[in-house]
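Me: I am new to this structure. Can you show me how to read its main features?

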Amino acid sequence: MNKDMIIDADVCEKLEGWDEEDVGKIIPLRITANGTYRNEMIVEVFCQFCGAEFIGPSREAGGFIGGHECLHAWQVRKDLGREDGLVE
Ligand SMILES: [Zn+2]
């Protein structure tokens with residue numbers, strides 16, 4: 001870990017409602033029901049399949065990407081199943 005990078009990054013005090021201006025900032029501390037997150041960066045990501053966009057903490061961005069990938073993979077499998085009778 002490069003600690004200088006974390007210290008130099010802008011700090012975001014918001015715990016919700018992030019927007020484009022917050023991208024790249026660090027949330028020093030975020031406590032949720034799932035755990036305590038420290039020094040987490042706010043990122044902007046999008047789904048390459050459907051174009052949905054997300055701005056928020058890295059952890060949630062990963063969940064967004066993974067969730068969309070799972071959903072669209074399921075949709076593709078379902079369509080293949082309908083046309084070819086193939087179900088993986
Ligand atoms: Zn999507």
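Reply: Start with pairing. Two strands pair if DSSP finds at least two bridges between them. This is a predicted model. Here, strand 2 and strand 3 (residues 53-57) run antiparallel and are joined by five bridges. I42 has P57 as its bridge partner in strand 3.

Me: How many bridges join strand 1 to strand 2?

Reply: Six bridges link strand 1 (residues 26-32) with strand 2 (residues 35-46), and the two run antiparallel. Opposite I27 stands E40 in strand 2.

Me: What should I know about side chains in a strand?

Reply: In a regular strand they alternate between the two faces of the sheet.

Me: How many residues lie between the strands in each hairpin?

Reply: Two residues connect strand 1 to strand 2. Six residues lie between strand 2 and strand 3.

Me: Which protein atoms hold the zinc ion as donors?

Reply: They are C47 (SG), C50 (SG), H68 (ND1) and H72 (NE2), at 2.0 to 2.4 Å from the zinc ion. Along the chain, the donors follow the spacing C-x2-C-x17-H-x3-H. C47 and H68 link distant parts of the chain, 21 residues apart. C47 sits in the loop between strand 2 and strand 3, and H68 in helix 2 (residues 58-84).

Me: What is the geometry of the site?

Reply: Ideal angles for four tetrahedral donors are 109.5 degrees. The zinc site is tetrahedral, with angles of 104 to 115° among its four donor atoms.

Me: Is C47 buried or exposed?

Reply: Buried means under 20% relative accessible area. C47 has 6%, so C47 is buried. H68 also counts as buried, at 17%.

Methods:
Residues are numbered from 1 along each chain as its sequence is written. This is a predicted model: local features need pLDDT of at least 70, side-chain atom pairs count only at pLDDT 80 or more; totals for chains, interfaces and linings use all residues. Side-chain values use heavy atoms; hydrogens and water are left out. Helices (H or I, at least four residues) and strands (E, at least two) are DSSP runs, numbered from the N terminus. Donors are N, O and S atoms within 2.8 Å of the metal (3.2 Å for Na, K and Ca); water is not among the atoms, so sites may look incomplete. Four donors count as tetrahedral if all angles lie between 85 and 135 degrees; four count as square planar and six as octahedral if opposite donors are over 155 degrees apart and all others between 65 and 115; anything else is irregular. Buried means under 20% relative accessible area, exposed over 50%, partly exposed in between (1.4 Å probe, protein chains only).
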